[in-house]
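Open the model in your viewer and switch to the cartoon display. We will go from stop to stop, selecting as we go.

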Amino acid sequence: MEKAVNDIIYPNPTPPGVILEKNVCATMRDGIKIAVDIYKPSQEQGPRPVILAYSPFPKERIFESAKPAFYCAHGYVCVQATERGSGFNQGKFTMHGTQAAQDGYDLVEWIAGQPWCDGNVGMMGASGYGVMQWLTAPLNPPHLKALVVLATTDNYRGLCYPGGVLRKPFVLNLVSGFTQASLWPGPVSGKEMPMNIIAEILSHMEDGPFWWEHGGGWTRISEIKAPVLNIVNVPNRLHAIYHLRSYVDIKSPKKLIITPWTNENYQPWIFETTAFNMQILRWLDYWLKDINSGIMDEPEIAIYDNGTGKWRYENEYPLKRTAWQKFYLHSEVINQIPPLANEPPDSYENISLNTAMLTSYGIGTPAPAKPNYVTYLSLPLEDDMKVWGPVSFALYASTTEEVTSDWSFFIKMGEMVTEGVPLNPVTGQPEVKPEANDPFTPKNVQIWSWGSLKTKFREVDGNLSRPGLPWHSFQNPQQLKSLTTYEFQIELQPVFKTFKKGCRIWLKIASDDALYATLDSASRYVETPASGENNRIFIYHNAKYPSHLLLPVIPDAPEFTPVKPPLRDAVPGALRFTEIK
């Protein structure tokens with residue numbers, strides 16, 4: 001802890017009206033010292049409630065957590081902390097492990113005992129800040145009074161191996177960031193070299209005890225006693241599916257906010273938008289200040305519809321009035337008519353297992369001579385169709401491939417507008433595609449849902465599955481036989497969108513994607529970028545094998561109470577505050 005800190009330049013200057021105390025040491029139960037940054041209101045006297053932001057990210061970078069410029073001005077102290085073994089902290093960095101959770105408990109209790117804290121501590125943040133809440137909160141520190149969280153409850157399925165397929169470019173970037181943060185700013189007395197995170201991730205390509213310890217908050221989420229404000233950003237490639245899946249398992253007081261798509265894949269805008277923070281403030285004031293802000297008198301669920309640009313309250317999630325509708329595949333067509341007995345299959349060639357890998361490295365690859373995927377398109381919708389909730393796809397397929405250990409599927413679903421490009425209903429500006437890496441997505445299609453599955457993990461646990469939410473154990477992989485038809489249940493991103501009359505549903509099926517690597521450490525292939533494109537995938541859609549998309553269509557119902565400000569005003573383009581005035 002002797003490392004000089006005066007020469008460290010923080011990315012955001014301390015905002016007016018706030019006092020920053022840097023690198024204050026909090027001692028954990030085993031004697032390890034964690035350095036925290038404390039942001040206090042300069043004009044406030046006496047102890048105050050505290051918001052803890054705890055993550056594997058550098059505490060000097062306030063990215064996806066409570067902004068002192070906002071919360072200190074409203075009478076809160078903000079504490080930024082990072083995992084042991086990172087930055088100025090002693091100990092060994094282990095990424096979201098049991099030790100990090102225990103340190104989270106100790107940090108909450110250390111904060112509660114400080115003279116500037118009135119004994120009420122909340123936690124707030126997204127992504128890594130949220131994962132640490134899912135791990136810390138089940139330990140139930142006595143002074144933890146509330147959570148504000150946006151994060152996956154499952155690092156295996158949500159972050160690293162969606163559908164059992166390695167999200168290689170993201171994982172390499174994530175691990176590089178974690179490792180750099182743990183080594184920065186250089187030698188610190190009592191700090192050890194970090195865990196070999198990349199080796200651990202790549203060697204655990206199946207779900208199991210490693211993942212249940214390192215970010216498997218879903219296994220203990222029912223034990224949380226602190227009230228939870230759940231914020232889910234949809235669509236979101238990392239967090240949405242498993243945060244929403246776990247929502248029903250939370251037993252403590254809770255609320256759920258489904259936020260808009262605002263042309264940003266990640267969450268910082270939530271913590272920079274005035275309206276959202278005013279809503280969060282109502283939650284914190286209620287639980288940490290004992291102020292009746294009225295928030296607990298409002299319905300439990302608030303959903304933003306990305307098609308209408310409007311908010312609506314509901315009483316539960318998933319919605320009880322959901323009318324599950326199947327959209328069946330036919331040749332180039334998707335509709336609600338079950339397929340005939342003798343419809344022939346569609347097919348495409350499965351490209352080299354390394355083409356997507358090379359693309360992810362930025363190495364140019366020649367355009368394929370013919371499409372390495374199939375697409376389906378509905379007729380124009382006769383009426384508006386509100387789709388709110390989990391989405392899944394039942395796919396019947398076979399392959400000519402003899403070695404199927406890395407055979408995978410990537411599904412994308414979107415809305416094709418009648419003309420031009422998709423526009424945001426609030427701003428009127430063109431929508432940015434959440435998965436912009438795919439050059440084969442038509443310009444008039446906006447992607448709203450996607451999913452992946454490595455076929456050797458096709459086994460589904462019926463006891464843990466729910467409508468639209470097939471549950472794969474991602475254990476006990478099975479090698480599949482060539483030219484044998486199998487059923488694959490593929491979980492897709494949840495959708496909260498009214499598809500407009502006249503628009504069409506668009507669906508794509510492929511076996512590669514530049515954001516993933518189908519090869520993993522259990523592959524039976526050797527990486528050979530020049531390998532030929534000689535394996536054919538068959539997609540079946542007949543009476544025996546009725547491949548179909550399952551959508552949660554919501555019937556109209558009277559609005560029992562309108563959403564009021566501040567939440568009503570949290571829409572794309574809403575006013576953001578800044579750290580510097």
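Which residue in β4 is the bridge partner of Y54? Select A81: that is the partner of Y54. Keep in mind that this model is predicted.

**The two strands.** Now select residues 48-55, strand β3, and residues 77-82, strand β4. They pair in the parallel sense, over six bridges.

**The whole sheet.** Next, show every strand of the sheet. Ten strands form an open sheet with mixed pairing. Follow the order β1-β2-β4-β3-β5-β6-β7-β8-β9-β10. At the edges stand β1 (18-27) and β10 (310-314). Each has a single partner strand, so one side of each is left without a neighbour in the sheet. On average, neighbouring strands are turned by 20° against each other, direction ignored.

**Two helices on the sheet.** Select residues 128-136, helix α3. Helix α3 packs on the sheet and touches β3, β4, β5, β6 and β7. Its direction makes about 125° with that of β5. Then select residues 240-247, helix α8. Helix α8 also packs on the sheet, touching β6, β7, β8 and β9. Its direction makes about 145° with that of β7.

Last stop: the second largest pocket, with about 430 Å³ of space. Select F57, R61, F170, N173 and L174, the closest to its centre of the 20 residues that line it. Which elements give two or more residues to this lining? They are α3 and α5 (168-183). The largest share, six residues, comes from α5. Colour the lining by class: twelve residues are nonpolar, six polar and two charged.

Technical notes: Residues are numbered from 1 along each chain as its sequence is written. This is a predicted model: local features need pLDDT of at least 70, side-chain atom pairs count only at pLDDT 80 or more; totals for chains, interfaces and linings use all residues. Side-chain values use heavy atoms; hydrogens and water are left out. Two strands pair if DSSP finds at least two bridges between them. Helices (H or I, at least four residues) and strands (E, at least two) are DSSP runs, numbered from the N terminus. Axes are lines fitted to C-alpha atoms, for helices over the stretch in contact, and angles run from 0 to 180 degrees between N-to-C directions. Contact means heavy atoms within 4.5 Å. On a 1 Å grid over the protein atoms alone, a cavity is a set of points where a 1.4 Å probe fits but cannot get out, and a pocket is an open set with protein on both sides within 12 Å along at least five of seven lines; lining residues have an atom within 4 Å of a point. Grid points are joined across faces, edges and corners, and a volume is the space filled by probe spheres set on the points. Ala, Val, Leu, Ile, Met, Phe, Trp, Tyr, Cys and Pro count as nonpolar, Asp, Glu, Lys and Arg as charged, and the others, Gly among them, as polar.
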